[in-house]
Amino acid sequence: MNTGSCIGISTMKPCCRIFISYRISSIFGVSHLRSSHSIVNNSSRSQFKSKHYGYHDVKCKVIGGNNCVIDSNRRAFCVSGSSWGRSRVLGKNRYGVNKDYRRGVLVIPNVASDIRNQSTSIDSHVNEKGFERIYIQGGLNVKPLVIEKVETSNENGVIKEEDSRVEVNGSGVNLDILKDLNENENETVQVERDASRVEEEAWKLLRDAVVSYCGNPVGTVAANDPGDMQALNYDQVFIRDFVPSALAFLLNGETEIVKNFLLHTLQLQSWEKTVDCYSPGQGLMPASFKVRTAPLDGGDGAFEEVLDPDFGESAIGRVAPVDSGLWWIILLRAYGKITGDYSLQERVDVQTGIRLILNLCLTDGFDMFPSLLVTDGSCMIDRRMGIHGHPLEIQALFYSALRCSREMLIVNDGTKNLVAAINNRLSALSFHVREYYWVDMKKINEIYRYKTEEYSTDAINKFNIYPDQIPSWLVDWIPDEGGYLIGNLEPGHMDFRFFTLGNLWAIVSSLGTQKQNEGILNLIESKWDDLVAHMPLKICYPALEQEDWRIITGGDPKNTPWSYHNGGSWPTLLWQFTLACIKLGKPELAQKAVALAERRLSADQWPEYYDTRSGRFIGKQSRLFQTWTIAGFLTSKMLLENPAKASLLFWEEDYELLEICVCALSKTGRKKCSRFSARSQIRV
């Protein structure tokens with residue numbers, strides 16, 4: 001077994017003896033010493049079933065890190081359909097959803113977690129008051145309905161019945177109108193019943209995707225398609241994929257699985273990672289991990305649970321997941337905001353984990369820009385799609401993670417320089433993206449008239465963009481009102497494609513100005529048929545076709561035009577769209593998109609993505625029962641039901657950042673800082 005370097009002290013306390021083997025990092029000012037500790041929990045023995053219908057000894061561990069060992073004299077029995085934590089009281093929460101989890105990769109019942117009592121926080125916070133719904137009941141005092149039937153006879157003596165009338169406070173109402181109203185009401189009730197059925201199905205599927213480690217829930221698999229004969233890595237827990245699942249659980253009042261996930265992935269961060277004899281930075285978070293079982297040597301039928309992380313050494317293209325650490329920080333803040341429990345983010349090991357991620361992102365290099373330089377395939381778009389350089393998605397997540405860290409880091413002598421670096425980077429990055437990534441009709445016309453080959457500190461065309469780069473589709477596509485942030489910016493190159501995730505997170509994090517954020521949402525609304533159509537939302541627009549597809553993607557058979565990452569429609573983007581709409585006061589736009597998805601997702605068995613220009617077909621290689629499709633739908637529904645919770649997940653403009661100037665040009669006397677001339681535009 002390899003010994004990995006682990007930061008801080010593990011306080012994960014399952015129902016078994018824990019052996020912790022770690023190498024103390026030099027971060028704490030101690031040389032690399034090897035030591036081991038054991039923590040014994042004297043909880044009562046419990047029996048659990050195995051799908052092999054026999055009794056086995058069980059041992060759990062993290063490869064190269066913490067070992068979670070079940071006593072050898074305990075009998076073990078694991079079954080896929082059992083529930084973890086049966087000893088706890090289960091009931092329905094405020095959304096009417098049962099909290100009982102039903103299935104994991106390895107499920108061990110009768111196990112209780114005591115993580116909550118093991119905090120190593122520096123200070124404690126009083127929980128914030130949660131938002132509660134206020135129901136106003138009442139009605140009008142009206143007279144009882146009086147239905148009259150008047151029978152008359154005609155000249156032939158035939159009795160006929162006059163139209164029925166209803167007396168309401170002395171006014172007559174035709175019953176036919178009431179009949180129509182009742183029919184409409186019945187239709188509404190039927191729609192609500194169908195919606196409730198879809199949500200119940202989604203919750204069941206989400207719980208079926210839960211993965212347990214040593215009896216505790218630690219995440220959800222990427223997809224749980226029972227008909228999938230080749231799982232590839234869809235049976236793993238991805239950090240980016242788990243975010244909507246985590247938010248769904250948090251909004252539903254279930255916090256344990258999210259806390260376990262954050263702590264276990266933090267432990268994996270410190271594991272030694274090597275690809276072809278080279279080790280990346282210490283702060284790198286894994287793209288995913290898997291709970292594996294392996295027999296113990298000489299264990300006489302005993303087996304062990306193993307957390308096996310993937311830092312990109314097994315990924316297609318062997319690309320490190322740059323966005324994993326950023327998503328981890330964003331989720332950590334969300335956990336504190338929704339639960340009111342800030343003790344987790346104050347723990348010494350968690351604070352150290354944040355610093356390691358930031359040190360990796362803020363390392364000085366050769367780049368002249370404040371944006372983060374990455375390779376192709378290092379984020380949600382994890383295949384070759386021409387996004388290498390400074391893609392908008394990474395910049396928006398980077399900006400969000402910096403703002404999260406600014407809130408969560410405890411300022412002391414050891415962190416004050418890091419906090420100052422965060423403030424400087426936030427200021428520079430916001431200005432850079434707002435000034436150079438934004439395009440609307442006016443800006444495109446300016447680019448169209450650019451002069452090139454300007455050698456000067458006062459150059460207007462700073463990146464030497466050639467006007468011929470403006471694609472023909474953009475001229476007719478850009479609306480008169482609204483605009484968006486381009487997909488990428490490098491010297492001599494602007495990627496004019498619209499990338500949905502980056503633009504939505506620019507709204508959520510206030511990376512764009514208020515006017516720009518509103519312009520992005522206006523563009524999505526005006527180009528609804530292109531970006532939403534039959535299924536929300538396009539991951540990017542337009543698709544690469546013909547020679548562009550062949551040259552940029554290398555002829556990728558999975559990223560054919562209007563499929564997968566190349567213009568496919570991804571329902572998981574729905575929750576981020578909902579968050580952006582609520583922030584800008586347009587929840588009806590999100591409701592429209594949610595209703596559109598709700599009509600198809602269940603019937604189509606919750607696909608990963610949809611194909612064709614309008615999103616009519618289920619993706620040709622799309623996995624069914626995709627977990628973040630399910631979780632994104634549930635999170636969107638709950639955010640719309642409780643907008644107060646949504647307000648905890650986005651940021652408003654921070655005008656203090658706009659006052660920070662980091663360029664120091666005024667000291668050189670060469671030229672004045674462009675921030676002052678543009679500040680009026682930034683504050684619009």
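**Exercise 1. State whether Y564 and W570 are buried or exposed, then describe how their rings are arranged.**

*Solution.* In this predicted model, Y564 and W570 are both buried. The next step is to classify the geometry of the rings. A pair of aromatic rings is described by the distance of the centres and the angle of the planes. For Y564 and W570 the centres are 5.4 Å apart and the planes make an angle of 45°. Stacked pairs have planes under 30 degrees apart and edge-to-face pairs over 60, so an angle between these limits counts as tilted. The pair of Y564 and W570 is accordingly described as tilted. Finally, Y564 has a charged neighbour: the charged end of K558 sits over the Y564 ring, 4.3 Å from the ring centre.

**Exercise 2. Classify the aromatic pair formed by Y436 and F463, and locate both residues in the chain.**

*Solution.* A search of the whole structure gives 21 aromatic pairs. In the pair of Y436 and F463, the distance from centre to centre is 5.2 Å and the planes are 75° apart. Because planes over 60 degrees apart count as edge-to-face, this pair belongs to that class. As to location, Y436 lies in helix α8 (residues 416-436), while F463 lies in the loop between α9 (441-448) and α10 (472-477). The two residues are 27 residues apart, and their pair links distant parts of the chain. Both Y436 and F463 are buried.

**Exercise 3. Determine which residues touch the most other members of the largest nonpolar core, and list the contacts of W505.**

*Solution.* The largest nonpolar core has 159 residues. Within this core, W328, Y484, W505 and F577 touch the most other members. Leaving aside residues up to four places away in sequence, W505 touches W327, I330, A396, L397, S400, W575, Q576 and W651.

Terms used: Residues numbered from 1 in each chain as written. Predicted model: local features only at pLDDT ≥ 70, side-chain atom pairs only at ≥ 80, totals over all residues. Heavy atoms only, no water. Core = buried A, V, L, I, M, F, W, Y, C linked by side-chain atoms within 4.5 Å. Buried < 20%, exposed > 50% of the residue type's maximum accessible area, 1.4 Å probe, protein only. Contact = heavy atoms within 4.5 Å. Phe/Tyr/Trp six-rings, centres within 6.5 Å; stacked < 30°, edge-to-face > 60°. Helix = DSSP H or I, 4+ residues; strand = E, 2+ residues; numbered from the N terminus. Lys NZ or Arg CZ within 6 Å of the ring centre and 35° of its normal.
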